[in-house]
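Colleague: I have a chain to learn today. Could we go through it in short questions and answers?

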Amino acid sequence: LEAIPPPSTFDVRYNQVGYLTGRNKTISIAAQSSFSNQAYTVLDSNDNIVLSGTTGPSSLWSDSGEHIANVDISGVDAEGTYRFQVDQEEISFKVSNDGYAELREEAFKYYYYNRSSTALEATHAGVYARPAGTPDTQVRIHSSAVSSGRPENFIISSPKGWYDAGDYNKYIVNSGISTYTLLAAFEHYKTEWENLQYNIPEQGGDLPDILDEVLWNLDWMLTMQDPFDGGVYHKLTAKSFSGRIMPADYNLQRYVVQKSTAAALNFAAVTAVASRIFADYESVRPGFSTQLENAAKDAYTWAKANPTVYYSQGGGGPVSDIQTGEYGDTNVTDEFQWAAVELFITTGENTYKDDINVSSIGGGTPSWPYSDPLALISIAHHATSLTGSINVTQANNTLLGTANELRDRVNSSAMKITMEGNDYSWGSNGAVGNQLFLLIRAYELTNDESYLDAAYTAMDYIFGRNGTGFSYVTGFGDKQVFEPHHRISDADGVSAPVPGMIVGGPQNENNPDTGDCSGSGVSFPTNFPASKYVDHWCSYSTNEITINWNAPLVYAMHALDFYQRE
Ligand code: 9MR
């Protein structure tokens, strides 16, 4: 009998999808106690030593409680597969010119896999083919949402759209940032996207595939505007979450519920952006760009007349019989700025310009309740046409202030990542994607390569160089997440989850829901913010998937690939 080796002192955290030639490359060694002078070796596939050395002293990473030493393997730059050894540990990693082609495709196809109201055919979906569900052609007006022309229980048709997440509901607020991010990807890298094709039903044709996918959700969003007053329903939902079933087995009555200021403004911003983008594809849908512009204006007008209608399911209010995702937001000054900025960019009309107050637009990382940075991103991209009308310099400085902080973190934190402290809230992996988004935009604004260097280093976090050692995108990595909180993956009878989905990730936000696994006999391995995560169905607070977390992944991985090929 061989002796059982003692538990290893070290855990190697590395980018499991692969490192890129010509870029900085980092492997992190983690241990529970501090260490120094630890020898490591890198071997190529012929067992030749291509790099060896000893670490410096480790640093405490307070977000995980671990001690970390980083090894710079940038010199290992020839394409190939290598082994990294430290003490008794060995991992294998790849270096390639473009190791992300498949990941990019699957991250984008996430949206197709999560379409409502359609069957997925095997030609596009392979083993994830499924019959149609949630047609949403018989949706009721909830008592909270009536208007002069639409009484309670009036039936409307509101098909298409993407499921928000692991659940089957469709929420306007979260559709806002998600759809914007995909549209921004197209607006910022138009030529590249025009040349990309994906295996979706609309592949090829007059519209770039990314716009076909976005259209699937825009068509739904447009149905969420009440034609009688211009207001926008907060969400399309059943009263409660469904069981762990496939879309085709879903039979709960669906409603559109209360119009909210946040929904109207998210809708206005996204339809304004879409209007200027679809203006270039008039032949595909004549009149569509104008339709979008009018929809945006009507929603904005409604929001100005109803500036404080907040959506809340608590307190015995008009939607207290609804239990699904709330997406409540009681500060909409950021959404007002964002919508005004997008409407001004698209229309050039002074009414919108007069509502923009650049000094009130804050920095930081965008998220579903915080859209100021989205306004900054759009201003930066349209700087030339906006200069002279609004204070573009100030807006750009705000954006760069955040990017500088993120770059500093990558360069000087124990783990060489962008994540820190409060970033570990619900959907922390979405925050990583949005941080990459900002670094990439800062590079475009300044041509300063150090932002891009920081982004390439920080992206490792998503693929394993993090507090748990998991690669957080389904289908990718040596230690992949496998049990996401995603009804389709759970119920489809295929053991592997739908690929290309980034899970929410570790978090210690003070949210009452974070005891989500307590009844399942599953517990979090630690309470540290960077490692409080469990790869189990029960953990909707750390292991769900959503449209707003995948969107910055799609954005960042495509942008980083374009620069790699440049
Ligand atoms: O992403 C949302 C997170 O910021 C909130 O803290 C959390 C609780 O309100 O809700 C998250 O959004 C969920 C939504 O409400 C319903 N669909 C799944 C979403 C991701 O967990």
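Modeller: Start with the accessible surface, taken with the Shrake-Rupley method and a 1.4 Å probe. For the chain it comes to about 20500 Å². The share belonging to carbon and sulfur atoms is 46%. Two notes first. This is a predicted model, where local features need pLDDT of at least 70, side-chain atom pairs count only at pLDDT 80 or more, and totals for chains, interfaces and linings use all residues. Residues are numbered from 1 along each chain as its sequence is written, and side-chain values use heavy atoms, with hydrogens and water left out.

Colleague: How many helices and strands does the chain have?

Modeller: Helices (H or I, at least four residues) and strands (E, at least two) are DSSP runs, numbered from the N terminus. The secondary structure comes to 17 helices and 14 strands.

Colleague: Why is the chain called as compact as a globular protein of its length?

Modeller: The radius of gyration is taken over C-alpha atoms. The globule rule is 2.2 Å times the number of residues to the power 0.38. For 566 residues the rule gives 24 Å, and the chain is close to that, so it is as compact as a globular protein of that length; its radius is 24 Å.

Colleague: What percentage of the residues count as buried?

Modeller: Buried means under 20% relative accessible area, exposed over 50%, and partly exposed in between (1.4 Å probe, protein chains only). Of the 566 residues, the buried share is 60%.

Colleague: How many residues of α17 are buried?

Modeller: Helix α17 covers residues 547-565 and has 19 residues. Its expected span is 1.5 Å times one less than that number. The helix reaches 27 Å, close to the 27 Å expected. It is mostly covered, and its buried residues number 18 of 19.

Colleague: Where does D87 lie, and what is its phi near?

Modeller: Most residues other than glycine have a negative phi. D87 has a positive one. This residue is partly exposed, at 41% relative accessible area. D87 lies in the loop between β8 and β9, and its phi is near 50°.

Colleague: What is the phi of K160?

Modeller: K160 sits in the loop between β11 and β12. At 25% relative accessibility, K160 is partly exposed. K160 is not a glycine, yet its phi is positive, about 70°.
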